Amino acid sequence: MFSWLGHDDRRRRDPEVFQTVSEGLKKLYKSKLLPLEEHYRFHEFHSPALEDADFDNKPMVLLVGQYSTGKTTFIRYLLEQDFPGMRIGPEPTTDSFIAVMQGDVEGIIPGNALVVDPKKPFRKLNAFGNAFLNRFVCAQLPNAVLESISVIDTPGILSGEKQRISRGYDFAAVLEWFAERVDRIILLFDAHKLDISDEFSEVIKALKNHEDKIRVVLNKADQIETQQLMRVYGALMWSLGKIVNTPEVIRVYIGSFWSHPLLIPDNRKLFEAEEQDLFRDIQSLPRNAALRKLNDLIKRARLAKVHAYIISSLKKEMPSVFGKDNKKKELVNNLAEIYGRIEREHQISPGDFPNLKRMQDQLQTQDFSKFQPLKSKLLEVVDDMLAHDIAQLMVLVRQEETQRPVQMVKGGAFEGTLQGPFGHGYGEGAGEGIDDAEWVVARDKPMYDEIFYTLSPVDGKITGANAKKEMVRSKLPNSVLGKIWKLADIDKDGMLDDEEFALANHLIKVKLEGHELPSELPAHLLPPSKRKAAE
């Protein structure tokens with residue numbers, strides 16, 4: 001059990017006691033942030049109220065992309081099995097949002113039933129109406145991967161004439177709703193036919209303020225030659241740079257995420273390394289889930305505060321009797337000036353303000369006379385939450401991380417790349433010779449011995465100073481050479497015999513070939529004469 005005492009009298013009388021981070025977030029939201037949101041009608045402008053399921057649910061991964069970029073195939077690749085409702089084809093096949101989740105029995109739950117289930121984090125999607133709910137299902141199945149994460153498959157984003165056909169619901173708004181609640185957003189592109197349609201561009205812009213969650217996958221990269229792949233990658237980065245207005249480069253993973261043979265296998269090693277990086281990113285989601293929810297609550301609280309200042313300012317400017325309509329139009333048109341005044345008065349960052357054009361559109365339909373004046377007490381409670389409660393909850397996050405075993409996504413494709421000879425890097429670099437009966441360093445030892453005997457060995461060993469003269473010829477930095485020395489000096493006597501010197505040179509070669517050094521010396525690299533002593 002974790003607890004803390006605050007600084008005010010109420011807390012000293014009634015200390016907050018939270019069993020878990022999830023419980024703490026729920027209590028803080030309901031008691032401190034929700035009253036502010038309700039008072040200033042935050043939910044009508046920005047985001048529906050959060051529910052318990054939003055804090056309790058597993059990490060979610062949202063897949064977004066134009067049709068035929070391989071979103072559904074990507075999910076099947078991760079799970080290594082089909083899921084209910086799955087359809088794959090070159091034409092727009094996925095016409096629904098499909099939440100792929102863990103379940104004891106395989107089956108599909110339709111959208112209207114899904115949004116009344118209090119255990120699922122989808123109840124607030126009810127606001128998008130039947131046109132959306134008829135295109136929303138939950139596919140449940142027993143799968144090891146889904147024990148740790150859930151995956152949201154989305155309809156393929158259309159291009160050309162098709163994008164002008166109305167979906168019957170606000171597609172970008174639905175994606176934005178999911179973006180606020182998921183842990184990772186993966187944008188998929190097809191390396192073979194790279195283009196970003198108007199609808200896709202609007203979708204990416206709707207994901208603004210969630211750039212930290214976005215990753216990009218350049219899929220089907222095995223269908224083009226290396227030279228073309230470089231050009232496609234450059235074109236993708238250029239296109240994204242025009243849409244995502246951030247100075248940081250979005251992380252792009254290149255590969256072919258399906259279980260078929262590679263059409264052009266030239267870049268196999270690149271694809272393997274990229275896949276491992278992407279898998280590590282996805283596997284880290286359960287471990288960082290509590291921190292992500294905490295971060296999202298802080299972002300929400302900051303936006304709610306700014307919203308309260310905006311609404312109360314508009315209320316203050318409104319006349320009490322005559323000229324309300326004209327004044328409303330004037331205030332909406334001058335909203336940018338109101339933003340500037342609030343920014344100066346309350347020292348708020350410009351990045352915390354909601355989109356100006358969108359806010360103006362929303363205000364057109366609102367009755368300003370129903371807005372509430374500034375209520376300092378509500379804002380003080382949220383400030384107290386941000387200043388004290390959140391800081392204490394951060395401590396609880398760290399405590400939970402240390403007390404729980406390492407949480408990682410397991411099963412499916414994640415298993416196949418971790419174990420056995422087809423694990424990434426098996427038999428390469430420091431792993432070379434892992435299955436050989438002979439010591440792999442012995443192949444080049446005669447060459448290393450020639451150098452060894454020119455370095456004035458005494459009693460069969462050379463000093464660190466003499467070894468350094470030879471090792472620095474590699475031009476590797478001292479930090480790397482120091483690690484190599486630590487791995488090679490097996491008996492820790494500060495000197496190297498001929499086998500240890502040969503091992504040091506072998507590790508230098510491994511590093512120069514672009515591989516990483518092991519944190520500990522693998523058993524197969526241990527010199528034969530030292531193996532019995534080690535046992």
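Biologist: Which helix is D281 found in?
Modeller: D281 is in helix α11, residues 268-283. This is a predicted model, where local features need pLDDT of at least 70, side-chain atom pairs count only at pLDDT 80 or more, and totals for chains, interfaces and linings use all residues. Residues are numbered from 1 along each chain as its sequence is written, and side-chain values use heavy atoms, with hydrogens and water left out.

Biologist: How are helices and strands defined here?
Modeller: They are DSSP runs numbered from the N terminus: helices are H or I with at least four residues, strands are E with at least two.

Biologist: Back to D281. Buried or exposed?
Modeller: D281 counts as buried, because its relative accessibility is 13%. Buried means under 20% relative accessible area, exposed over 50%, and partly exposed in between, with a 1.4 Å probe and protein chains only.

Biologist: What does the D281 side chain pair with?
Modeller: The side chain of R215, through a polar contact of 3.5 Å. A polar contact is a pair of N or O atoms within 3.5 Å; within protein, one must be able to donate a hydrogen and the other to accept it, and residues adjacent in sequence count only if both atoms are side-chain atoms.

Biologist: Which residues is D281 in contact with, leaving aside neighbours within four places in sequence?
Modeller: R184, R215 and Y253. Contact means heavy atoms within 4.5 Å.

Biologist: Which other residues of α11 are buried?
Modeller: Besides D281, the buried residues of α11 are F271, E274, E275, Q276, L278, F279, I282 and Q283.

Biologist: How far does α11 reach?
Modeller: Its 16 residues reach 22 Å from first C-alpha to last, close to the 22 Å expected at 1.5 Å a residue. The expected span is 1.5 Å times one less than the number of residues.

Biologist: And α12, where does it bend?
Modeller: At L291, by about 30°. The bend is the angle between axes fitted to the seven residues ending there and the seven starting there. Helix α12 covers residues 285-317, and its end C-alpha atoms are 46 Å apart, which agrees with the 48 Å that its 33 residues should span.

Biologist: New topic. What does K26 do with its side chain?
Modeller: The K26 side chain makes a polar contact with the side chain of D56, at 3.0 Å. K26 lies in helix α2, residues 21-39. K26 counts as buried, because its relative accessibility is 17%.

Biologist: What else is K26 in contact with?
Modeller: Leaving aside neighbours within four places in sequence, K26 is in contact with D52 and F55, as well as D56.

Biologist: What does UniProt place at residues 476-511?
Modeller: The UniProt record, an unreviewed entry, places "domain: EF-hand" there. UniProt positions are given in the numbering used here, feature names are shortened, and annotations may be inferred rather than shown by experiment. In the model, residues 476-511 are 69% helix and 8% strand, with end C-alpha atoms 9 Å apart.

Biologist: What about α21? How many of its residues are buried?
Modeller: 11 of the 15, so α21 is largely enclosed by the rest of the structure. Among them are F501, L503, N505, H506 and I508.

Biologist: What happens at the start of α21?
Modeller: A side-chain oxygen of D497 reaches to within 3.1 Å of the backbone nitrogen of E499. Just after α21, G514 takes a positive phi of about 95°.

Biologist: Which residue other than glycine has a positive phi near 55°?
Modeller: S456. S456 sits in the loop between α18 (445-452) and β11 (461-463). S456 is exposed, with a relative accessible area of 51%. Q347 is not a glycine and has a positive phi too, of about 50°. Q347 lies in the loop between α14 (335-346) and α15 (356-363), and counts as exposed at 67% relative accessibility.

Biologist: Why flag those?
Modeller: Because most residues other than glycine have a negative phi.

Biologist: Zooming out, how many helices and strands are in the chain?
Modeller: The chain has 22 helices and 12 strands. Buried residues make up 48% of its 535 residues.
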